[in-house]
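Hi everyone, thanks for making time today.

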Amino acid sequence: MNSDRKYKFSWELLGDIATGRPNLGNKTRLEVYRLLLFTFRDVLEQHLGTEKTDQIFYEAGNLSGREFYANMLRPTSDLGEFVRELQQVLKDMGIGILRLEQADVETGEFVLTVSEDLDCSGLPELDHEVCVYDEGFIAALLESFTGMKFKVKEIDCWCTGDRTCRFSAKAENSGSRK
């Protein structure tokens, strides 16, 4: 372990919620999550600029996706099984409603949507996509499942006037499974 790091992530940092919050448990309002998310984004952007902030959010989403895959999903090599379990866990946790629109495992190209997205559904139109964290999260989920490195880009977003977030995912070196 790197001792000069104060905030290195581990799944254990999420804590024992049943012990720590015996009356409130996992319940909170979505506004509280978004308050945390968008104030972090604002402060980071003020200090680092938009491009660096987006990079940090993508990387944080990627770390989250890797940890989520390792701790919340069962390993499988079956795409249908992977998607079904992911859809159920995302829905059960109130993260969003996932739909796989296109999938080509051999070329490493996917198009998927997330409706009722935790980050943006219901936000005002901003003329730009905001789900950079989700891009990294989805990339890591696909990387963990396929063994290939992915680049994910949001192509439709609630904040650009669409009513679902749509993501294009492409393997960076298709055919190079780990």
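Let me begin with one term: two strands pair if DSSP finds at least two bridges between them. Strands themselves are DSSP runs of E of at least two residues, while helices are runs of H or I of at least four, and both are numbered from the N terminus. With that in hand, look at β3 and β4, which run antiparallel and are joined by 6 bridges.

A quick word on what you are looking at. This is a predicted model, in which local features need pLDDT of at least 70 and side-chain atom pairs count only at pLDDT 80 or more, while totals for chains, interfaces and linings use all residues. Residues are numbered from 1 along each chain as its sequence is written, and side-chain values use heavy atoms, with hydrogens and water left out.

Back to the sheet. In what order do the 4 strands lie? The order is β1-β2-β4-β3, in an open sheet with antiparallel pairing. At the edges sit β1, residues 97–104, and β3, residues 150–156, each pairing on one side only. From one strand to the next, the twist averages 20°.

Now let's cross the sheet, strand by strand. β1 pairs with β2, residues 109–115, over 7 antiparallel bridges; there, Ala-103 has Phe-110 in β2 as its bridge partner. β2 then pairs with β4 over 6 bridges, again antiparallel, and Phe-110 has Ala-169 in β4 as its bridge partner.

How much of β4 is buried? Buried means under 20% relative accessible area, exposed means over 50%, and partly exposed is in between, using a 1.4 Å probe and protein chains only. By that rule, 6 of the 7 residues of β4 are buried, so to speak mostly covered.

What lies across the sheet? Helix α5, residues 132–146, lies across β2, β3 and β4 (165–171), running at about 140° to β3. That angle is taken between N-to-C directions on a scale from 0 to 180 degrees, with axes as lines fitted to C-alpha atoms, for helices over the stretch in contact. Contact here means heavy atoms within 4.5 Å.

Glu-135 is buried, with a relative accessible area of 6%. Leaving aside residues up to four places away in sequence, Glu-135 touches Tyr-58, Val-152, Lys-153, Glu-154 and Phe-167.

That brings us to the core. A nonpolar core is a set of buried Ala, Val, Leu, Ile, Met, Phe, Trp, Tyr and Cys residues joined through side-chain atoms within 4.5 Å. The largest one has 36 residues, and those touching the most other members are Phe-82, Leu-86, Cys-120, Leu-141, Phe-150 and Phe-167. At least two residues each come from α3 (50–72), α4 (79–92), β2, α5, β3 and β4. α5 gives the largest share of this core, 7 residues. As for Phe-82, its contacts beyond four places in sequence are Tyr-69, Leu-73, Thr-76, Leu-141, Leu-142 and Phe-145.

Next, helix α3. Its 23 residues reach 31 Å from first C-alpha to last, close to the 33 Å expected at 1.5 Å a residue; the expected span is 1.5 Å times one less than the number of residues. Among its buried residues are Thr-53, Phe-57, Gly-61 and Tyr-69. The buried residues of α3 pack against α2 (30–48), α4, α5 and β3.

Now, the cysteines. How many disulfides does the structure hold? The count is 0, where a disulfide is a pair of cysteine sulfur atoms within 2.5 Å. Cys-120 is in none, and the nearest cysteine sulfur, that of Cys-165, is 3.1 Å away. Cys-120 is buried at 0% relative accessible area. The sulfur of Cys-157 is 3.9 Å from its closest cysteine sulfur, in Cys-120, and that is too far for a bond. Cys-157 is buried too, at 0% relative accessibility.

Finally, the loop between β2 and α5. Glu-116 is found there, with a positive phi of about 50° although it is not a glycine. Asp-127 is also in that loop, and its phi is positive at about 65°, again without being a glycine.
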